[in-house]
Amino acid sequence: MVKTILLAAVTLLGLASLAAADTGTATFYTPLVPSACYGYQDEGVMIAAASDVIWNNRSACGRRYSVTCTGPTNQGVPQPCRGSVVVTIVDYCPAGCAATFELSQEAFAIIADPNAGKVQIEYHQ
């Protein structure tokens, strides 16, 4: 009985960790022009640049991430969040990047009020 309970608990914890998202920040740049990832931009796809946190020597190119606004990073816009967006990584935001993701302005406007400039996020591939 104890083994069954332990097995169930470990299984549930494992499933919960698979569903957990990473946290970070997002900002935007206009115009975001793909340059570090050749051939990964499709018409109508929301795009982003990846910081060192996820870049991994270009292996992030073409990956799709779901990005959800979770809150403000400053007092300027106290409730900036609007929702989530799926973006494709098409560029690199070099060392010193101001955020985990630098979204296209269009993608940022889906998740948050652009007047916020930078927001807290959760993301997962």
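**The disulfides and their surroundings**

Modeller: Of the 125 residues in the protein chain, 36% count as buried, where buried means under 20% relative accessible area, exposed over 50% and partly exposed in between, with a 1.4 Å probe and protein chains only. This is a predicted model, in which local features need a pLDDT of at least 70 and side-chain atom pairs count only at pLDDT 80 or more, while totals for chains, interfaces and linings use all residues. Residues are numbered from 1 along each chain as its sequence is written, and side-chain values use heavy atoms, leaving out hydrogens and water. The average pLDDT (the predictor's confidence in each residue, from 0 to 100) is 84 for the protein chain, and 82% of the residues score at least 70.

For the setting, the protein chain has three helices and six strands; these are DSSP runs numbered from the N terminus, with helices being H or I of at least four residues and strands E of at least two. The six strands close into a barrel with mixed pairing, in the order β1-β5-β2-β4-β3-β6; strands pair if DSSP finds at least two bridges between them.

Now to your disulfides. Searching the whole structure gives three of them, each a pair of cysteine sulfur atoms within 2.5 Å. Counting bonded cysteines along the chain, they follow the pattern 1-2, 3-4, 5-6.

Let's start with Cys37 and Cys61, whose sulfur atoms are 2.0 Å apart. This pair links distant parts of the chain, 24 residues apart: Cys37 lies in the loop between β1 and β2 (47–50), and Cys61 in the loop between α2 (52–55) and β3. The torsion about their S-S bond is about -75°, so this disulfide is left-handed. Cys37 is buried at 4% relative accessible area, and Cys61 also counts as buried, at 10%.

Next, Cys69 is joined to Cys81, S to S 2.1 Å. Twelve residues separate them, with Cys69 in strand β3 and Cys81 in the loop between β3 and β4. Those two strands, β3 (residues 64–72) and β4 (residues 84–92), pair in the antiparallel sense over five bridges. The link of Cys69 and Cys81 is left-handed, with -65° about the S-S bond. Cys69 is buried at 9% relative accessible area, whereas Cys81 is partly exposed at 33%.

Finally, Cys93 is joined to Cys97, S to S 1.9 Å. Here the torsion about the S-S bond is about 95°, so the disulfide is right-handed. Cys93 is buried, with a relative accessible area of 5%.
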